[in-house]
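Reader: Hi, I'm new to this one. Could you pick a single part and take me through it closely, along with what lies around it?

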Amino acid sequence: MSVNSRIKRLAETVLAPFAPLAWRARSAPRLLVLMYHRVLPPDHPDRACEQPGMYVSPGTLAMHLRLLKRYFEIVHLDDWARRAAGGQPLPRLAAAVTFDDGWRDNYAHAWPILQAQAVPATIYLLADLMGTQYSFWPNRLVRLLRDPRNDRAQSRWPDWLRLEIAAVACGSAASLPLSMQQIDALIARCKSLHTDTEMLGLLGTVDTRAVADAGNRDLMNWDEAREMSDSGLIRFGSHTRRHIRLDSRATPDVLQDEIRESRLAIERQLRTSVTSFCYPNGDHCPAAVDLVRASYATAVTTRRAWNSLSSDPHLLNRVGVHEDVSSTEPAFLARLALAAGA
Ligand SMILES: [Zn+2]
């Protein structure tokens, strides 16, 4: 067992049984916001081309919600923030459930569970990509590098990609398939070096036809979103128009377009107001936060922590939960406890 696994096991053993007691001992209201992405059954083919930090199985999600209901009052994010701003009473322990990107599997596999357990949630949509065949560049990269059939094509790939592969393979020429760990590292490197638009352009020069999932629709469409929205249980927020990261490389025009126009587009389609925003990849330059403040009541980041009354409602923390770190009750509770802070 690796050192990391030992620490994780120790945390689960020590923290999990006592964590809820410690949470209840605090008197000031706190809000835990959970961050999910995809919900994929164990036999779903997309699991083979998805980063481990991107999905939970339906059974794991159902278990999480049962536990959350035991220890927290589950609320809509916006409702908690509005009450906090108005000085109204709040539950001591509140939790809000969020999903990023608007994956079609949220409709197919999360929606039935949320309905069955009557759990409210916010799903952050990409206004321009709804219902399209769009594939995120990390998914395209995973498909490319996990398929051994592409090994022979490597010599024809552009230098940047072969250099990146060599970097995560510790300098040696790597044969496909790369491990998911290597691909995770490669994606992290690409994110730090390039914008999303650059990555799409760079990948556009690589022949991915052999691994393209023709006919696969990854993202939900407006009809599916409307059905969930009409239930009143699910609210929709904006995650920009095209998943553009809002760091210092984003121009004022891009910020305006991605932050403000995305809200208007979603409101037109769903005929309801959109009041919450989610920064892609958690990135937010000061100009982006200013625009978000002017357009939304709340916004969420990827900073792993709980929230308190002093938290900025436009920079709310979230705790990401996925299959490989939260598939058992002790692992889930330990994950929450480690983010709870002092
Ligand atoms: Zn996203």
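Author: Just after helix H4, Ala118 takes a positive phi of about 50°, although Ala118 is not a glycine. Ala118 is found in the loop between H4 and E6. Ala118 counts as exposed because 10 other C-beta atoms lie within 10 Å (exposed means 12 or fewer such atoms, buried 20 or more, and partly exposed in between, with C-beta atoms placed from the backbone). Please keep in mind that this is a predicted model, in which local features need pLDDT of at least 70, side-chain atom pairs count only at pLDDT 80 or more, and totals for chains, interfaces and linings use all residues. Residues are numbered from 1 along each chain as its sequence is written.

Now step back into the helix itself. H4 covers residues 104-116 (helices are DSSP runs of H or I with at least four residues, strands are runs of E with at least two, and both are numbered from the N terminus). Its 13 residues should span 18 Å at 1.5 Å a residue, and the end C-alpha atoms are 19 Å apart, so the two agree (the expected span is 1.5 Å times one less than the number of residues). Along the way, H4 has a kink of about 45° at Ala110, shortly before the proline Pro112 (the bend is the angle between axes fitted to the seven residues ending at a residue and the seven starting there).

Ala110 is also among the buried residues of H4, together with Asp105, Asn106, Tyr107, His109, Trp111 and Leu114. The cover over the buried residues includes strands E2, E5, E6 and E7 and helices H2 and H9.

E5 and E6, residues 121-125, pair in the parallel sense over 5 bridges (strands pair if DSSP finds at least two bridges between them). Thr98, for instance, has Thr122 as its bridge partner in E6.

How many residues make up the largest nonpolar core? It has 66, and those with the most contacts inside it include Leu34, Ala96 and Leu125 (a nonpolar core is a set of buried Ala, Val, Leu, Ile, Met, Phe, Trp, Tyr and Cys residues joined through C-beta atoms within 7 Å). E1 provides the largest share of this core, 6 residues. Leaving aside neighbours within four places in sequence, Leu34 is in contact with Ala95, Val97 and Thr98, as well as Arg318, Val319 and Val321 (contact means C-beta atoms, placed from the backbone, within 7 Å). A second, separate core of 14 residues includes Leu144, Leu145, Leu178 and Ile187.

Terms used: A crossover is right-handed if, with the strands pointing away from the viewer, the path from the first strand over the helix to the second runs clockwise. Two residues are in contact if their C-beta atoms, placed from the backbone, lie within 7 Å.
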